[in-house]
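This briefing is meant to be read beside the sequence and the model.

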Protein chains: 2
Amino acid sequence: MSDRARHIPEATVARLPVYLRSLAELVDDKITTVSSERLAEMAGVNAAKVRKDLSYLGSYGTRGVGYDVEYLLFQMSRELGLTHDWPVAIVGAGNLGSALANYGGFTQRGFPVVAMFGADRAKVGHRVHGVLVHHTDDIVERAAELGIGIGVIATPASAAQDVADKLVAAGVGSVLNFAPTVITVPDGVSLRKVDLALELQILSFYQEHREPTA
Amino acid sequence: MSDRARHIPEATVARLPVYLRSLAELVDDKITTVSSERLAEMAGVNAAKVRKDLSYLGSYGTRGVGYDVEYLLFQMSRELGLTHDWPVAIVGAGNLGSALANYGGFTQRGFPVVAMFGADRAKVGHRVHGVLVHHTDDIVERAAELGIGIGVIATPASAAQDVADKLVAAGVGSVLNFAPTVITVPDGVSLRKVDLALELQILSFYQEHREPTA
DNA sequence: GTGACCATGTGAACGGGCGCACTAGCGTCT
DNA sequence: AGACGCTAGTGCGCCCGTTCACATGGTCAC
């Protein structure tokens, strides 16, 4: 493995999926070569940033020409670990959890939902969008045996930390938290959060402080 | 209005809702005073950062004591523009849009969903979680007359930019985009995005590059 | 009233990421 | 074959945000 590429800045990592999506669009349009400028436009960023970001992956471009779309797409997929599926478990079988299970985008992009967990005994044993619901108490056992790498928390805030602890105990390496609360995980476990109300509150701030336009 | 506080860093604005939530918890627990250290722990950040962030709002703390929870909560709500409701419209009546409409967290936090828009004529005229669904073609007219300030895009990627343009034309000042694509809005309009698959792909990267632990 | 204590508020150093602008090098056209 | 044009790759300065450490100023006990 190339060693110089080690440690890609977090900001760059967060942009890679955006580039990836852009590349996928180009493939659909049968476009074989793309310049950093074009890619920048599609991804909504600066061209220099694109070139710097891509340079972390290696020298996959050709000066005077651009990047080979398919080759770059492959390299990026490999770097992002998307050449194989990542089984995902969703914890929380309420509104949000069910919606996420129903959301086809996960499986389609290589993150099949292989299990759900809920605290409500009435739902345990039933299937949501074809996925069997287990009880929250069985997270450690089941998640480990299913080889879950990524856990999605879609529980109420009050249960989130406890669920996170269980997921970590089950050997899950990455957690995506939808619960509106701060949770902590040990070093070595990745954590990202999505907070819907929080986003709206941020927008509210700017809305409130907007210059009164004439 | 205080003038020195103008221009609060974006990173700070993004943290304010987290502090707000922490303060709300403290109120529930009947705790009247809080130190930056305690607040930092609850919000999962550094204490110095808390103090600097709060100092942008004004000098609402008392040296030697801490911050008065209720007073700070009020000031922060005011700054975030949460002292009044912000009517929201959701565009996209599919899986995600319906889930968002059903998600009680919005209304509960001061963002009542007052209208939905969908491209599917079969859904137009029906109600989702009590909210009437209009046709996408009527966004400009309806959103303007309902005084919508914030628009939520929950359409497929292909329709997102067109919907965004319509929302802007209707006078919407803030857009929250759930569609997995990059959209652009004019200067003066706020834009935030939530991309579920993107978050998983980022996690996938770190999962793939994790040191193989013994 | 006075002194010790304590937490805020902030100046300043530090670090990371961003973008400009230049260089390197490939392809093409004459 | 040589020169030109185009685009990747990158060094460098800048700016924003974070963090440390200190001074400021209020509270409480005696």
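In the predicted model, Val91(B) has Phe117(B), a residue of strand E5 of chain B, as its bridge partner. This pair belongs to the parallel pairing of strand E4 (residues 88-91) of chain B with E5(B), which extends over four bridges.

**Strand E5 of chain B and its partners**

- E5(B) also pairs in the parallel sense with strand E7 (residues 131-135) of chain B, in this case over three bridges, and Gly118(B) has His135(B) of E7(B) as its bridge partner.
- Strand E5 of chain B covers residues 113-118, and because five of its six residues are buried, the strand is largely enclosed by the rest of the structure.

**The contact between chains A and B**

- Chain A and chain B each bring 47 residues to the contact, and on the side of chain A that touches chain B the elements giving two or more residues include helix H1 (10-28), helix H5 (95-102) and strand E10 (190-193) of chain A.
- H9(A) gives the most to this side of chain A, with 13 residues, and by class the residues of that side divide into 28 nonpolar, 13 polar and six charged.

**The three-stranded sheet of chain A**

- Three strands of chain A form an open sheet in the order E1-E3-E2, and their pairing is antiparallel.
- Strand E1 (33-34) and E2 of chain A stand at the edges and have a single partner strand each, so one side of each is left without a neighbour in the sheet.
- E1(A) and E3(A) run antiparallel and are joined by two bridges, with Thr33(A) standing opposite Asp68(A) in E3(A).
- Helix H4 (residues 69-80) of chain A packs on this sheet, where it touches E1 and E3 of chain A, and its direction makes about 70° with that of E3(A).

**The surface near DNA strand D**

- Of the 27 residues around DNA strand D, those that come nearest are Ser36(A), Gly61(A), Gly64(A), Pro9(B) and Gly64(B).
- Both chains take part in this surface, with at least two residues supplied by each of helix H3 (47-57), strand E2 (61-62) and strand E3 (66-68) of chain A and by each of helix H1 (10-28) and helix H3 (47-57) of chain B.
- H3(A) gives the most to the surface near DNA strand D, namely five residues, and by class this surface has nine nonpolar, 11 polar and seven charged residues.

**The surface near DNA strand C**

- Of the 26 residues around DNA strand C, those that come nearest are Gly64(A), Ser36(B), Ser59(B), Gly61(B) and Gly64(B).
- At least two residues of this surface come from each of H1 and H3 of chain A and from each of helix H2 (36-43), H3 and strand E3 (66-68) of chain B.
- H3(B) gives the most to the surface near DNA strand C, with five residues, and by class this surface has nine nonpolar, 10 polar and seven charged residues.

Key. Residues numbered from 1 in each chain as written. Chains lettered and ligands numbered in written order. Predicted model: local features only at pLDDT ≥ 70, side-chain atom pairs only at ≥ 80, totals over all residues. Near = placed C-beta within 6 Å. Nonpolar A, V, L, I, M, F, W, Y, C, P; charged D, E, K, R; others polar. Buried ≥ 20, exposed ≤ 12 C-beta atoms within 10 Å, placed from the backbone. Pairing = 2+ DSSP bridges. Contact = placed C-beta atoms within 7 Å. Axes fitted to C-alpha atoms, helices over the stretch in contact; angles between N-to-C directions.
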